[in-house]
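Take a look at the sequence and the model first, and then we can walk through some of the details together.

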Amino acid sequence: MYFSGLYKNCSMKKKPLILVTNDDGITAPGIRTLIDVMKTIGHVVVVAPDSPQSAMGHAITINSTLYVEQVHIDKDIEEYSCSGTPADCVKLAVKQILGKRPDICVSGINHGSNSSINVIYSGTMSAALEAGIEGIPAIGFSLCDYNWNANFEACKTYVKTIVENVLEHSLPQGVVLNVNIPDLPKKDIQGIKVCRQAKANWEEEFDKRQNPQGRDYYWLTGKFVNLDQGEDTDEWALENGYVSVVPVQFDLTAHHCIQNLNSWNLND
């Protein structure tokens, strides 16, 4: 069993213990930026996938073994790479590596948007949601630039502001934050807007091909379509130069539908 040496020091210095994870892999520039910002706030422990795990959603590993290895990327930070998914990383961090819940979990900074319907597929957000299930205040951060060498400099101020506010005010039970940052220079970002998730989807197609042996295979393709004209959505905020903050929950119950279903003749 792993126990964080930094956690022991943290209790003496009374700094928050911050769990950092992502879905792009532990060496991705986005998570390295996030770590740099978190170092200015508290004691950081990193548990992140050893390879990219994008679009894994809330997958967990149950049919194969999981491996965790301590790595030394930043000499000032305790870091572990994990062979599993982002959700696996959070589970292992809480149950094995830290031995208890951190004060906050931050996931990202993702290379690419996780706004609107993308939250469903996102490994970044699933890690944050897994922390939320454990009762840990959690935030997923994404930059709307898929380039591996994206410039994350403009993210730093907003990441720090939002994390410090969550540490000060906490979050309602069962709620985590989905934060998306537009791909703009800092001088062009208009500020932060708390939003709802836009109604949008992917119009998908499968590109059918054949391999040299004559076997059919498929590549998923498609385009993102925003069906929502509201000016209170994450898509509107991002298109207009704002950082979007959407509170999301892992309770998927459609509460407004319960009364209607109870009117059905289900017991006749």
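How many bridges join β5 to β6, and do they run parallel or antiparallel? There are 5 bridges between β5 and β6, and the two strands run parallel; strands pair if DSSP finds at least two bridges between them. Please keep in mind that this is a predicted model, in which local features need pLDDT of at least 70 and side-chain atom pairs count only at pLDDT 80 or more, while totals for chains, interfaces and linings use all residues. Residues are numbered from 1 along each chain as its sequence is written, and side-chain values use heavy atoms, with hydrogens and water left out.

**Annotation and overall make-up**

- The UniProt annotation "domain: Survival protein SurE-like phosphatase/nucleotidase", from an unreviewed entry, covers residues 18–204; UniProt positions follow the numbering used here, feature names are shortened, and annotations may be inferred rather than shown by experiment.
- Over residues 18–204, the chain is 28% helix and 27% strand, with its end C-alpha atoms 38 Å apart. Helices (H or I, at least four residues) and strands (E, at least two) are DSSP runs, numbered from the N terminus.

**The parallel strands**

- β1 (residues 17–21) is mostly covered, with 5 of its 5 residues buried, where buried means under 20% relative accessible area, exposed over 50%, and partly exposed in between (1.4 Å probe, protein chains only).
- L17, L19 and T21 point one way from β1, while I18 and V20 point the other way, and all are buried.
- β1 and β2 (residues 43–49) run parallel and are joined by 4 bridges, with L19 opposite V45 in β2. The chain gets from β1 to β2 through α2, and this β-α-β crossover is right-handed: with the strands pointing away from the viewer, the path from the first strand over the helix to the second runs clockwise.
- β1 also pairs with β5 in the parallel sense, over 4 bridges, and there the bridge partner of L19 is C105.
- β5 is mostly covered too, as 8 of its 8 residues are buried. In β6, I139 is the bridge partner of V106.

**Helix α6**

- C155, Y158, V159, I162, V163 and V166 are buried in α6. Seen down the helix axis, the buried residues of α6 fall within an arc of 125 degrees, so they line one face of the helix; the arc is that of the directions from the axis to the C-beta atoms.
- Their cover includes α2 (29–38), β5 (104–111), β6 (138–143), β7 (175–181), β8 (191–194) and β11 (242–249).
- On the other side of α6, E168 and H169 are exposed, and just after the helix S170 takes a positive phi of about 60 degrees.

**A buried glutamate**

- E130 lies in helix α5 (residues 123–133) and counts as buried because its relative accessibility is 4%.
- Leaving aside residues up to four places away in sequence, E130 touches H58, A87, V90 and K91; contact means heavy atoms within 4.5 Å.
- E130 and G230 are 100 residues apart in sequence and 30 Å apart in space, C-alpha to C-alpha.
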